[in-house]
Amino acid sequence: MIKDFARHLFPRAVLQRDLTFTYTFCLGGLAFTSFLVLAATGALLLFYYQPTPAAAYPSILLLESSVYGGKYLRSLHRLASHFFLVLIVLHTLRVILTGACAKPRELNWLTGCALLMLAVFEGYTGYLLPMDQLALWATQTGMELVNTLPFGAALRTVLVPDGVGEPMSLLRFYVLHILVVPGAVLLLSSLHFYRVRKNKGVLPYL
Amino acid sequence: MKRGYVKSSPHFFRPVKVSMLLLVAALIGLAWLIPAPLQEQADIARVPNPVKSAWFLLWIQELVSYSKYLIYLVLALTPLFLFLPWLPIGTPAAKATWFPKEQRLVTVTALALAAAVLALTLVALFFRGPNWQLVAPF
């Protein structure tokens, strides 16, 4: 069933010359692969992580010291997140440099931009969760950057109503990181792939 | 099958599948070699110096360290980025090609911005020490 669905998402036939690997380097597909690895490893991490300021760090310590493969799983999740961001940025750059964002692919360009922004936000919300010094202060600095934006103070209040690393903020980052943003990424990715089919390919081909 | 076209299965799906498997294998291998860092427990009373944001936001931190008003440069460029397909920047490329000459301005601008973001990130990552002073990386 999954195989049939994947086949349905893409065109039945493609121009042979567009299959040249060096046109795309499969960067979009690789970014989505990283997302799938993130989802799989993240789902396993959920079994141990506790999203409260007092329990978050000890739950990571427990995962790393007492759970078989726990330390490795966390490393894999972190590494996949770095790959996800780098690949999605490179994919965006490839789309610009091959002129593939031009009409009639403008809707897919917009969904791609939204996916890029969501990927950055997903990375940012995940940064706080281990609740170590790196997590706390990197997130705090990110919030200072948000403050420099117009309406930044209002946005900051929505994200961190009680201060970075406090109970409500950690809970909001957690829900955004594990549910809201990945859900949006999945929905937009489906639309993105569907539009590739509607546009009859991944590249200008006429 | 029309001339020049091939069936997606297997011609399109095979390279996609192979590249996906190679990436997963690379991730699985590299995760053994690069463990995720874990510092001491968060403490709001102990401020590290320097304080750096997440690596993917460092270029903005570096930029606003010169002047906080430079954030408006980023904000001004965002709509240009979003509405790229609607800008009067030449005719779309006729076929798949890198750096189509119909959009040379976009190509040069995109490469220049990517280089600037990369340079700002590297400076912030390796050349910023206590009090955000420039330091030698090693």
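In this predicted model, helix α6 (residues 106-128) of chain A packs against helix α7 (residues 133-147) of chain A at an angle of about 135°, and the two axes are 7 Å apart. That angle makes α6(A) oblique to α7(A), because an angle counts as roughly antiparallel when it is over 145 degrees and as roughly perpendicular from 65 to 115. On the α6(A) side the contact is made by A:Tyr124, A:Tyr127 and A:Leu128, while α7(A) contributes A:Leu134, A:Ala135, A:Leu136, A:Ala138, A:Thr139, A:Gly142 and A:Met143. Sorted by class, the residues in this contact of α6(A) with α7(A) are eight nonpolar and two polar, with no charged residues.

**Annotated transmembrane regions**

For chain A, the unreviewed UniProt entry lists residues 21-49, 79-97, 109-129 and 174-194 under "transmembrane region". For chain B, the UniProt annotation of that name, likewise from an unreviewed entry, covers residues 66-84 and 105-127. The table sets out the computed secondary structure and the separation of the end C-alpha atoms for spans from these annotations.

| Span | Helix | Strand | End C-alpha separation |
|---|---|---|---|
| Chain A, residues 79-97 | 100% helix | 0% strand | 27 Å |
| Chain A, residues 174-194 | 100% helix | 0% strand | 30 Å |
| Chain B, residues 66-84 | 68% helix | 0% strand | 28 Å |
| Chain B, residues 105-127 | 96% helix | 0% strand | 32 Å |

**Interface between chains A and B**

The size of an interface is often given as the accessible area lost when the parts come together. Between chain B and chain A the buried area is about 6,700 Å², with carbon and sulfur atoms giving 74% of that area. Within chain B, the residues that lose the most area to chain A are B:Leu27, B:Leu38 and B:Trp98, which together account for 11% of what that side buries. Counted by residues, the contact takes 78 from chain A and 69 from chain B.

Conventions. Residues numbered from 1 in each chain as written. Chains lettered and ligands numbered in written order. Predicted model: local features only at pLDDT ≥ 70, side-chain atom pairs only at ≥ 80, totals over all residues. Heavy atoms only, no water. Axes fitted to C-alpha atoms, helices over the stretch in contact; angles between N-to-C directions. Helix = DSSP H or I, 4+ residues; strand = E, 2+ residues; numbered from the N terminus. Parallel < 35°, antiparallel > 145°, perpendicular 65-115°, else oblique. Contact = heavy atoms within 4.5 Å. Nonpolar A, V, L, I, M, F, W, Y, C, P; charged D, E, K, R; others polar. UniProt positions renumbered as here; feature names shortened; annotations may be inferred. Buried area = accessible area lost by both parts, 1.4 Å probe.
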